[in-house]
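Welcome! Please take a moment to look over the sequence and the 3D view below. After that, we will walk through some points of interest together.

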Amino acid sequence: MYNGVVNVYKEQDYTSFDVVAKLRGVFGQKRIGHTGTLDPMAEGVLPIVLGCATKLSELITSEDKEYDGVLRLGLKTDTDDITGKTIAEGEPFAFEQDIRGVFSGFKGKLMQIPPIYSAIKKDGKKLYEYAREGKDIELEPRPVEIYELDITKISMPDIHFHVKCSKGTYVRSLCRDIGDELGCYGTLAALKRTETCGFKIEDALKISDLEKLKAEGRLDTAVLPVDSLLSDTPKAVIKEDAVKMLVNGNKLSSDMFSSEASSESIRSAPYIRIYNGSELFALYKYNSESDCYKCFKYLQ
């Protein structure tokens, strides 16, 4: 069984589930998952986790993401993207100075209303289920952050842009809100995820690439180690006489680690990687009250 992560390029018209289903066949194993849904119309980076790395998928979905997108002015749809039903149209006229001014106003921390066609749950039910039933419900705004938002080209009625944003940000909602602010409506016409969790689009492999590697007997070269998901996470190596404590998932004290685990930066980290020799074994969190480390994720 493969354990690790594959930087996959999701192509248009594939759902994230489609990618997982196809790769189960390519890798010959069921234990595969994705790390954050991309809409079928979107393309780009979709890290796929294999084997024990599936236990870390929720950590990857919490990472910031970067996209290249196209906002089409003068159009409002029920899905907030070009695949939806047109519900309003406006004159896509705006001065470049006004467009740039509105874009700059969307940088920083925002309260964003998600699209009704989304998988967010309300009262135990996904929003898109309410939409398909034709039910009107009140959508609650959620906090998001836009770190970067730059216009790369204006070719009316389309505005090409690059955005770096926090977890939970809907670029569809961003396009809708910018269009509303400009007074002419707006919808997402194209979207490409260029980076997430350090995985870049220029390194991503399409399904056809992976099928070719399999045919050549080189599929393992596409699988990155589990560590690649945690490159910014501090690490410590367990001492030989404390291995049994680690294997059993027991609490660990600083004196059971190599000296690097005793620094303040290690203790203040959200969690740390614990190795048994060269093998990544588990993630642990420091508890200041008991002055020990508790198991956060067991990876074996």
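Let's begin with Thr35: its relative accessibility is 2%, so Thr35 counts as buried. Keep in mind that this is a predicted model. The notes below go from single residues in loops to a helix, the nonpolar cores and a sheet.

**Thr35 and its surroundings**
- You can find Thr35 in the loop that runs between β2 (32-34) and β3 (43-50).
- A polar atom in the side chain of Thr35 lies 2.9 Å from the backbone oxygen of Pro47.

- Met156 and Pro157 are joined by a cis peptide bond, with omega at about 10 degrees.
- Pro157 belongs to the loop between β10 and β11.
- Cys197 is not a glycine, and yet its phi is positive, near 55 degrees.
- The loop between β12 and β13 (199-200) is where Cys197 is found.
- Is Cys197 buried or exposed? Its relative accessibility is 17%, and buried means under 20%, so Cys197 counts as buried.
- Asp291 is another residue other than glycine with a positive phi, here near 50 degrees.
- Look for Asp291 in the loop between β16 (279-287) and β17.
- With a relative accessible area of 41%, Asp291 is partly exposed.

**Helix α5**
- α5 is built from 12 residues and reaches 17 Å from its first C-alpha to its last, which is close to the 16 Å expected at 1.5 Å a residue.
- How many of the 12 residues of α5 are buried? Nine of them are, and the helix is mostly covered.
- Among the buried residues of α5 are Val171, Leu174, Cys175, Ile178 and Leu182. Arg172 and Arg176 are also buried in this helix.
- Gly183 follows α5 and has a positive phi, near 80 degrees.

**The nonpolar cores**
- In soluble globular proteins, nonpolar side chains tend to be buried together.
- The largest nonpolar core in this model has 28 residues. Those with the most contacts inside this core are Phe103, Leu149, Phe161, Val163 and Ile178.
- Which elements each supply at least two residues of this core? They are β4 (65-73), α3 (96-104), β10 (142-155), β11 (158-165), α5 (171-182) and β12 (186-196).
- The helix α5 gives the most to this core, with five residues.
- Another core, of 20 residues, lies apart from the largest one. Its members include Cys52, Leu56, Val226 and Leu299.

**A four-stranded sheet**
- Four strands make up an open sheet with mixed pairing, in the order β14-β15-β16-β17.
- Why do β14 (235-237) and β17 (292-298) each have one side left without a neighbour in the sheet? They stand at the edges and each has a single partner strand, so one side of each is left without a neighbour there.
- From one strand to the next, the twist averages 40 degrees.
- β14 pairs with β15 (residues 272-276) in the parallel sense, over three bridges.

How values were computed:
Residues are numbered from 1 along each chain as its sequence is written. This is a predicted model: local features need pLDDT of at least 70, side-chain atom pairs count only at pLDDT 80 or more; totals for chains, interfaces and linings use all residues. Side-chain values use heavy atoms; hydrogens and water are left out. Two strands pair if DSSP finds at least two bridges between them. Axes are lines fitted to C-alpha atoms, for helices over the stretch in contact, and angles run from 0 to 180 degrees between N-to-C directions. A nonpolar core is a set of buried Ala, Val, Leu, Ile, Met, Phe, Trp, Tyr and Cys residues joined through side-chain atoms within 4.5 Å. Buried means under 20% relative accessible area, exposed over 50%, partly exposed in between (1.4 Å probe, protein chains only). A polar contact is a pair of N or O atoms within 3.5 Å; within protein, one must be able to donate a hydrogen and the other to accept it, and residues adjacent in sequence count only if both atoms are side-chain atoms. The expected span of a helix is 1.5 Å times one less than its number of residues.
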